[in-house]
Amino acid sequence: MTFPRPDFTFNRPKGKNSYLLISIGALFIALLTLSGYYTDWLWYKSVSAQSVYLTVLAWRIGLFVFFAGITGFIIWLNVHLAYKHRPMYATVTPDQISLQRYREALDPIRKSVFIFGPILLGFLAGGSASAEWRSWVQRLNSIPFGVKDPQFGMDLSFFIFDYPLYRNLVTFGISTIVLAGIASGIIHYIYGGITLQSQTQKATKFAQSQVSILVALLFILKAFAYWLDRFGLALKQDPLLVGLKYADVNAVLPAKSLMMYLSLIVAVLFIINAFRRKWFIPNIGIGALLVTGILIGGVYATVVQQFVVRPSEADREAPYIQKSITATREAYGLSGVEVSDYPASIVADLDVLAQQTETIKNIRLMDPALISPTFNQLQQIRGFYSFADTLDIDRYPVNGSNQGTVIAAREINLAGIPNAQRNWINSHLVYTHGFGVVTVKDNAVKADGEPEFTTSDIPTKGSLKIDQPRIYFGENSPSYSIVGGAAGSEPRELDYPDDTSPNGQANNTYSGTGGVPIGNFFNRALYALKYQEINIILSNLVNNDSKVLYYRDPAERVQRVAPWLILDGDPYPAVIDGKILWMLDGYTATNFYPYSTRTSLNTATADSLNQTSTALRVQSAASVNYVRNSVKATVDAYNGTVSIYAWDESEPILKSWSSAFPGIVKPRSAMPAEVVSHVRYPEDLFKIQREILSKYHVKDAGAFYGGQDFWIIPNDPTRPGVQSAQPPYYLQLQMPGDAKPIFSLTTTFAPTRRQTLASFMSVSSDPSNNYGKIRVLQLPRNTTIPGPTQVQNNFESNPDVGALLSLLRRGGSDVELGNLLSLPIAGGLLYVEPVYVRATAGESYPLLRKVLASFGQRVVFEDNIEDAITALFGTSAGATTEPEEPSTTDGQTTPTPEAPSITGNPETDLANAISDMQKAVADGKKALAEGDFTAYGKAQQDLENALDRALDAQNRLNANTEIETTPEVTPASFVR
């Protein structure tokens, strides 16, 4: 019976217009893709890194073409041969009868399926291979580590450069053969080469031979995989250790070797079977391989673990634990950590204290995580500028010594432009850049609680000389800006507000070296396509001298120039040689360092700051077991110039990448001295190291097995709503035995089941003074010195402190707790926590009003750090609070108002104080509404005075109603 041919024309595009639309759509997609490649090339050319772009692109294209071609060809060849050698007359079986309709459906499109099917699978394989370009580049540029692993005697470069690539090749080979086998098997089945229901021969001779060859190739690759598995045992991680254990060496490793040889034997049997087609012997080989794997690789290894290792596990595993400890400490740069015992007395040693006056004078009071609103209110100047929500810490020379400094770049903020003025011209041609930096002393505060600014205002004034204050490349820069103009043309870019100018602003025309020229129509068209913005072509404001600035974030620029680096999450600005430069740290890392424990970058670097701040980048969830701070990088905030310097020139992974991309990483000797002076020890590396050191400070295998001496990183107690680790702090710190303070990065550890202090860790961040030297002060195991969590609890639970904090929080103000600093002072541990107060209404900002401090079990709550030190130790270390000068109006000095009188009646005094608090809150709100920050500061001071009087009256009321026996104390020991 002949059936009419079905009409599928309703699925086809109708008319030439449909084909035209499809063609235009395809052309647009192609142009968009090509424009992306070309504009990226122009960007790399603008930063003199064309070699990076071309090298990466060549590798990706080459790997894609090669592996797509290999995969597609192998699958096509097997499918073609399966069809070519199909039986001319298929055995009549029920399954073959049912397959007839599939053959009829396949035959009209068979050639297309046989061609495009392998091509599609090849594309998938090529895309996967293209993503592994780093493995190929590293393998071909591998550098010996000069260290051999203790089990196999292989240089560590084999594990780091060779092993990952070999693993990828095995995976690729096995997946390709499996796909080829499945595809050819389907063809054999459809066309009768394989029949499942035949009573005689279930497969043709050719089908049997083809399957035998494919299975033989599969077992050859499996033998290679078993050979690699032996080395993979050195990377295996379990809860106890990383690397080979007793059972691995004595059971699993021999089993892997045996399985490798058996796999080769089975492969030979299948090659023979391709000619003899006798399946009995190859099947026996497979069975023997499976039984061997189960008995020797599984059962025997389990028996050894249960009956040999477990009864005396600590002794059996001790040599392997020791290997893991040694390798882990070396992989994370911890082999040179200096650990010393620190008694941490609860009684201050005044002789030691007298030698640490510089550290006390340099105690950091300005919390960079809290004072961004203060910067914005006092130094934002206009709403279209902003500062990062977490500021940065650096140091600058002052009178021959380093002054700790909080620094922030005043960047452009398009979100601050009123909605009525938000348009394409303003967003991309007018508001193009930020202006200047703002700095404050990190250890000083004015009497009204404001920071002591050392660099401020627009134009920039202060201690730092900045020749070029404009910030065209920053963390908050617009996605793209079009800048530049002909010489002598009228500037249109808003530079800064200027009351002396007729239009209230000074304008600027960008004249830097950054950006991509778009003076010709072709480039304009490309960028119009890239950003899908026709105004780039049509606007007369885009001229022959225009440039487009994009990829402006400093971290993104460095990442694109050096795509093999892992970047620290906190770039920071520095004023160097009259310019603003962004400073960045880059890491080289691997996950294939043998015997070293792994850690997740995201988990190890997470703390209470980067979990809530938009200015700090959170690391990816990638795992590493080796990391080095191998490079330092700078990005010019005006020109966008990217400079990458080798910091650890002997690091093998860096040397490998430098070999692959010559000229990108400059030698350390090329690093300007002033750049070196602003180098910091990177925070993310320090956080990774403290995470590892919390366990691997234990160097004895037996003690490590017991685990009783492990530490934990305490949570940040000043942020109870964020359950995350306390961040490390940059401090000017004088460690025991040091002659003077060193710019350092610090952290603390607590025991695993207690909230006391286990140890204090610091690393020198001063390139001129033992940079990178990690020191740990280890406290006695039975110490009663409180840790950060316990200290915060002591602060909050102290009756007088708690009462005053409650009054502060009820008085129309919010209390914000600053960073809780831990300092090894006077033979013990000094804790210092600045306390900020801000109004709850309006656009308020925090002001430093009090300082909490603790030593041993004593707690004090004072107006400033000097009073706190005096209350704790009975001695002053020098004031850092500036005295407030009498205000003047028209040359006349305004007398300081008299203090409110004390009646002597505590109830009357309490009522008066509460009334004054309410008045101060009302005055503060009024001052904020009028923008009078001087009056606001006075209202805050009046509020604080009223709170002090309320607390005093409350204490006197309590004294009248309770009978207490109080030991004799000195006035300085009272908690205020």
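1. A salt bridge here is a side-chain nitrogen of Lys or Arg within 4 Å of a carboxyl oxygen of Asp or Glu. With that in hand, a search of the whole structure turns up 24 salt bridges. Please keep in mind as you read that this is a predicted model.

2. Are the two partners buried or exposed? Glu-452 counts as buried because its relative accessibility is 11%, under the 20% cut-off. Lys-441, at a relative accessible area of 25%, is partly exposed.

3. Next, have a look at Lys-687, which forms a salt bridge with Asp-607, the closest N and O atoms being 2.9 Å apart. Lys-687 sits in helix 21 (residues 683-696), while Asp-607 is in the loop between helix 18 (601-605) and strand 20 (623-624), so the bridge ties together parts that are 80 residues apart in sequence. Lys-687 is buried, with a relative accessible area of 3%, and Asp-607 is buried too, with a value of 2%.

4. Lys-687 also forms a salt bridge with Asp-684, and here the closest N and O atoms are 3.5 Å apart. These two residues are 3 apart in helix 21, so about one helical turn separates them. Both Lys-687 and Asp-684 are buried.

5. Elsewhere, salt bridges join Glu-338, Asp-738, Lys-773 and Arg-775 into a network.

6. Now to the nonpolar side. Which residues touch the most other members of the largest nonpolar core? Of its 210 residues, they are Ile-363, Phe-375, Ile-482, Ile-644, Phe-661 and Leu-830. Helix 6 (residues 156-190) gives the most to this core, contributing 8 residues. Another core, of 12 residues, lies apart from it; among its members are Phe-384, Tyr-431, Phe-435 and Ala-506.

7. Phe-375 deserves a visit of its own. Setting aside its neighbours within four places in sequence, Phe-375 is in contact with Gln-380, Phe-387, Leu-391, Val-406, Ala-408, Val-438, Val-440 and Phe-453.

8. On to the rings: the count of aromatic pairs comes to 51. One of them is the pair of Phe-704 and Phe-710, which is edge-to-face, at 5.2 Å centre to centre and with 65° between the planes. Phe-704 and Phe-710 are both buried.

9. Ring pairs also build a cluster from Trp-43, Tyr-44, Tyr-53, Tyr-480, Tyr-527, Tyr-531, Tyr-550 and Tyr-551. One of these, Tyr-531, has the charged end of Lys-530 over its ring, 5.7 Å from the ring centre. A further example is Lys-632, which lies over the face of Trp-647 at 5.3 Å from the ring centre.

10. A last stop is Ala-58, found in helix 2 (residues 50-84). Its relative accessible area is 48%, so Ala-58 counts as partly exposed.

Key: Residues are numbered from 1 along each chain as its sequence is written. This is a predicted model: local features need pLDDT of at least 70, side-chain atom pairs count only at pLDDT 80 or more; totals for chains, interfaces and linings use all residues. Side-chain values use heavy atoms; hydrogens and water are left out. Helices (H or I, at least four residues) and strands (E, at least two) are DSSP runs, numbered from the N terminus. Buried means under 20% relative accessible area, exposed over 50%, partly exposed in between (1.4 Å probe, protein chains only). Rings of Phe, Tyr and Trp (its six-membered ring) pair if their centres lie within 6.5 Å; planes under 30 degrees apart count as stacked, over 60 as edge-to-face and the rest as tilted. A charge sits over a ring if NZ of Lys or CZ of Arg is within 6 Å of the ring centre and within 35 degrees of the ring normal. A nonpolar core is a set of buried Ala, Val, Leu, Ile, Met, Phe, Trp, Tyr and Cys residues joined through side-chain atoms within 4.5 Å. Contact means heavy atoms within 4.5 Å.
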